[in-house]
Amino acid sequence: MGRQRRSRSEIIFDILEALSVEEGIPPTRLATIANLPYDRLQPILWELVEKGLVEASKNGRSTRLSLTPKGFRLLKELRRIKKILLDFGLDIL
Amino acid sequence: MSSTVEIVVSALDLLGAAGFAYIALRLASLTLRIGGEPKASWAFSLLAAAQILASLAAISGGRLSYTAYVATASFSAAGFAMLTACRERQYALIPLALALPLGFDLLAAATAIVASMGFRGPARTLVAGIGVTFLVRTVGLVLLPGPTGEVLLAIGESLRSMGAAMLAVLYAAPQGR
Amino acid sequence: MRRTIMLAVLLALALAGPMAAYAVYPSEPNLPRLSREISQTAGGPRPLPSLVESMGHAASYRGRGFIAGEPRPLWFQRGVLVAGKPVIPAPGPWVIRTGNSSRVIPSRDVAILLHRSRSVEAWGVKAYIYLPRRGAVSVLIAMKLRLTLGSTVVELRWLGAALPPRR
């Protein structure tokens with residue numbers, strides 16, 4: 001039995017975790033780290049940018065991604081909630 | 001003496017309610033921010049409601065007390081069942097339906113014990129313990145007439161309140177657990 | 001959709017508890033009215049007040065008997081007596097026995113039977129104090145009744161809620 005498909009909130013958690021480890025990474029690299037096809041990553045990523053959780057900066061033709069302070073705060077809260085939910089046998093949200 | 005016990009139990013129930021409500025709010029706030037299913041938030045809200053009703057049952061009287069007393073079990077059962085359902089283990093709820101005709105106390109006991117089997121850490125022990133106290137309720141209420149039943153019921157209720165308060169406070173603490 | 005149904009079912013389950021409890025909480029019987037009703041029953045004896053009186057004695061709440069025209073057993077606490085102790089699950093609010101057969105009958109029918117009976121004998125009356133909570137249902141009464149209807153003798157067993165004592 002394989003692992004169940006990740007929920008949206010789990011994907012967001014993985015994206016934020018990946019960005020907290022490596023600053024200023026391109027979206028393609030983020031897709032690799034977050035283990036997500038690029039086309040599936042894109043809409044979620046731009047939503048996070050719109051919400052001010054992730055910052056996308058243009059450097060010539062490439063885009064670099066990093067976590068904003070708001071994104072860090074959300075990640076911290078997600079980590080705490082994840083700890084609680086895991087004890088109750090749940091994945092994140 | 002009994003009124004002191006009732007006040008202490010009521011206070012513990014309110015403490016538990018505050019803890020569960022805080023966890024539910026945190027989950028709801030996260031759900032609003034990043035999307036996702038609010039089921040876990042609902043589950044903790046139901047547990048918070050159960051604790052508020054338990055507190056009401058302990059300090060009020062008459063029909064209100066009685067109604068709140070039964071509601072404690074039914075809300076707890078629904079909360080624990082929802083936590084079980086969150087894990088995509090709805091099939092685990094089927095045997096619980098069989099416990100329904102036996103009364104809400106037995107249903108709450110069965111639901112809590114089944115739910116606790118998928119938990120870990122203190123949540124597992126405490127939720128299983130809460131389930132056992134619902135069994136004590138049934139035994140104290142129905143099977144043992146007279147003062148023995150009363151004493152057993154009082155002990156069971158105190159333990160249930162303590163267990164729920166510990167569970168809520170432990171997980172609602174700022175650093176999580 | 002499936003999740004919404006699940007949520008709705010569980011919320012209904014949560015609310016079913018208090019709603020059922022509120023509905024079955026016994027209300028105080030109107031003894032004068034009851035007595036009047038019985039005295040209007042033509043030709044029959046008047047068993048109910050004396051029965052109420054005996055229940056009152058048994059429960060030590062004289063004058064506050066529980067048996068109104070419509071007894072309200074607690075649906076989740078009703079049971080049968082085994083060695084003097086109530087045991088769940090229950091066969092129903094009343095079990096009627098005639099000869100070798102027994103069946104459950106509605107409380108309302110029992111009230112009618114009581115009215116029509118030539119004689120009523122109550123025995124095995126026991127009171128159990130349960131909920132220590134103030135005002136919550138604190139007494140359950142178990143009893144057996146033997147009714148004589150014409151030439152037929154009917155036995156009834158009941159375990160129901162009585163009113164809590166006044167403080």
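Here is a quick look at chain A and at one surface spot on chain B.

This is a predicted model, where local features need pLDDT of at least 70, side-chain atom pairs count only at pLDDT 80 or more, and totals for chains, interfaces and linings use all residues. Residues are numbered from 1 along each chain as its sequence is written, chains are lettered from A in the order written, and side-chain values use heavy atoms, leaving out hydrogens and water.

Chain A has four helices and two strands, in the order α-α-α-β-β-α along the sequence. Helices (H or I, at least four residues) and strands (E, at least two) are DSSP runs, numbered from the N terminus. Some totals for chain A:

| Property of chain A | Value |
|---|---|
| Buried share (under 20% relative accessible area) of its 93 residues | 43% |
| Contacts (heavy atoms within 4.5 Å) joining residues at least 24 apart, among those at least 6 apart in sequence | 53% |
| Accessible surface (Shrake-Rupley, 1.4 Å probe) | about 5,100 Å² |
| Part of that surface belonging to carbon and sulfur atoms | 50% |

Now for H4 of chain A, residues 69-87: its 19 residues reach 28 Å from first C-alpha to last, close to the 27 Å expected at 1.5 Å a residue (1.5 Å times one less than the number of residues). Buried residues in H4(A) include A:Leu74, A:Leu78, A:Ile81 and A:Leu85. In general, an α-helix has 3.6 residues a turn, so residues three or four places apart point the same way. After H4(A) comes A:Gly89, with a positive phi near 70°.

Over on chain B, B:Met162 sits in helix H7, residues 147-172. B:Met162 is partly exposed, at 38% relative accessible area (the class between 20% and 50%).

Conventions: Buried means under 20% relative accessible area, exposed over 50%, partly exposed in between (1.4 Å probe, protein chains only).
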